[in-house]
Amino acid sequence: MAKNQKLKIIPLGGLNEIGKNMTAFEFGGDIIVLDCGLAFPDDDMPGIDMVIPDISYLIKNQSKVKAIVLTHGHEDHIGAIPYFLKELNIPIFGSRLTMGLVELKLKEHNLLSKTKLHRVRAGDIVKIGSGFRVEFIRTNHSIPDAMALAIHTPIGTVVHTGDFKVDCTPIEGQMIDLAKFGDLGKQGVLALMSESTNVERPGYTMSESTVGNSFDDLFRNHGDQRIIVATFASNVHRVQQIINSAYRFGRKVAFSGRSMESVAEVAMLLGYMTVPENVIISIDEIKKYRPNQLVIITTGSQGEAMSALTRMAFSDHKKVEINRGDLVIISATPIPGNEKPISNVINELFKKGAEVVYRSLENIHVSGHACQEELKIILSLTKPKYFIPVHGEFRHLRQHALLAEKMGIPSKNIIVGDVGKVIELGPNSCKLNGTVPSGIVLVDGLGVGDVGNIVLRDRKHLAEDGIIVVVVTMSKKDGSILSGPDVISRGFVYVRESEDLMDEAKAIARESLERAVSKNHNDWATLKNGLKSSLSDFLYTKTKRKPMVLPVIMEV
Ligand SMILES: [Zn+2]
Ligand SMILES: [Zn+2]
């Protein structure tokens, strides 16, 4: 293999933003895709359920794209897989739990039988295409079975950490394979790509096991209350510890929320969670037990609108009602952007008389991401020639770059990249060179893609000013008005309080139609445009608002 060949690293998501992590590695005639995640929509995207990376570059080069390799099973790393596979059906490699979670998704989208899934273990090396050998390395994170990847190519090795922390006392499984990082460092690491989420925090991230003691204390001190704990469904070790405390204090556990039930099922089936017999009960059975015999583990730690905890808080849950005296523990920190919804949920729970424990009060949550000292350990073990911080907003990437500089990596060897900007790596060079199409694709329900700017603009318009529908029936023969016009308003003004306005609007609509017909302008487009503009002008003069005006003309 020619030494002058270059490895292209193409970030398609996850840089200068939170979420939708995806990076393409291109060497010779092969491309592999590392992670395939989604992001949650901003407030200014009404009706959008999720945001996924633009993969048009991969579609254009589809004959080269050989496989997806996964670091772990979080949504920001696997959430876009079903949408990706609808465009490019390629094999996927990942650890057992990661693949168990991918399977759940593929089932939902009817893609399971069409997709080749390869389960790997820490230490496995898989050959992909003619240029890549991908090695899976055990790490610790807030989901079990997380991996870092060493991507071996003829011009050198790139180590990608995935999301990680260094946990010397993990709940299940083993500690991150630091020795492996050291070996790779000795053999020579051309570039290190390391996650930056917690780079602003000094010191070390606490071990997951510390949370267990806090749960025990809470269970001990609230022995006569019902306990409801909200956490991430994918945080299997957290759920395990809640179950352990419940068992120690003689309580039954019920799961609430679809993802909580399905992830727990996969985790138990694959042996990542061990539950003593007769502890788990169905949510339908909670009525059979007294409050002090129960723990409900629920989704909704981020205040998600449709989640179980949010429904409980707003009395919209079919099976669980919040009662005075319930203890609700929120065992998570808000992802940036979710502070407001979670705060609404907490307020609502307090109003119902529940006692709420959340992050600022107790040690009921630890992060899954490395703090500064852990990031330094990885830098010092791998001793990379080039450094590329990933997984973070610009300020995180910048701080991580500064940290690496302090560790002795020359600033000219550090690249703070961006989505769509190609990083070109040679044995003795690393630089930004060129761009590929990149950006976001908006997903609305199970569909994908066609929610363009026009649809978003309409939704914003509707959300801000509402809609006026004008319905009229006209004669095909002479264009006379047979019934209507009726004016229906939604989200604009409350009709009963503004009957005068609506009556005037009807008159304006009738005038506009009759005027057009008298001038023989009776094609539909002209009639509709006339209606729209005369009504919009009228409503704006009266209310200073511009609702969407939607004329419906029926001809008989
Ligand atoms: Zn992540
Ligand atoms: Zn993660």
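## Ground rules

Helices (DSSP H or I, at least four residues) and strands (DSSP E, at least two) are runs numbered from the N terminus. This is a predicted model, where local features need pLDDT of at least 70, side-chain atom pairs count only at pLDDT 80 or more, and totals for chains, interfaces and linings use all residues. Residues are numbered from 1 along each chain as its sequence is written, chains are lettered from A and ligands numbered from 1 in the order in which they are written, and side-chain values use heavy atoms, with hydrogens and water left out.

## The whole protein

The protein comes to 15 helices and 25 strands, and its C-alpha atoms fill a box of roughly 90 × 70 × 45 Å along the principal axes. Of the 556 residues, 53% are buried (under 20% relative accessible area with a 1.4 Å probe, protein chains only; exposed is over 50%, partly exposed in between).

Take the contacts (heavy atoms within 4.5 Å) between residues at least 6 apart in sequence: 71% of them join residues at least 24 apart.

Start with the zinc ion (ligand 1). Its protein donors are D76 (OD), H77 (NE2), D163 (OD) and H391 (NE2), 2.1 to 2.2 Å away. Donors here are N, O and S atoms within 2.8 Å of the metal (3.2 Å for Na, K and Ca); water is not among the atoms, so sites may look incomplete. The donor atoms subtend angles of 91 to 163°, which makes the arrangement irregular. For four donors, tetrahedral needs all angles between 85 and 135 degrees; square planar (four) and octahedral (six) need opposite donors over 155 degrees apart and all others between 65 and 115; anything else is irregular. Along the sequence the spacing is D-H-x85-D-x227-H. That ties together distant parts of the chain, with H77 in helix 2 and H391 in the loop between strand 19 and helix 12, 314 residues apart. H77 is buried at 2% relative accessibility, and H391 is buried at 13%.

The zinc ion (ligand 2) is held by H72 (NE2), H74 (ND1), H141 (NE2) and D163 (OD) at 2.1 to 2.4 Å. Its site is irregular too, with angles of 90 to 166° among 4 donor atoms. D163 bridges the two zinc ions, which lie 3.4 Å apart. H72 sits in the loop between strand 5 (65-69) and helix 2 (75-78), while D163 sits 91 residues away in the loop between strand 11 (156-160) and helix 5 (178-187). H72 is buried at 0%, and D163 at 2%.

## An open sheet and its helices

Six strands form an open sheet in the order 15-14-16-13-17-18, with parallel pairing (two strands pair if DSSP finds at least two bridges between them). Strand 15 (280-281) and strand 18 (355-357) stand at the edges with a single partner strand each, so one side of each has no neighbour in the sheet. Strand 14 (252-256) meets strand 15 over 2 bridges, with A254 opposite I281.

Helix 7 (236-248) lies across strands 13, 14, 15 and 16, running at about 175° to strand 16. Helix 8 (258-269) lies across strands 14 and 16, at about 120° to strand 14. Axes are lines fitted to C-alpha atoms, for helices over the stretch in contact, and angles run from 0 to 180 degrees between N-to-C directions.

## Helix 11

The buried residues of helix 11 (372-382) are Q372, E374, L375, I378, L379 and T382. They pack against helix 5, strand 12 (191-195), strand 19 (386-390) and helix 12 (394-406). K383 follows helix 11, with a positive phi near 40°.
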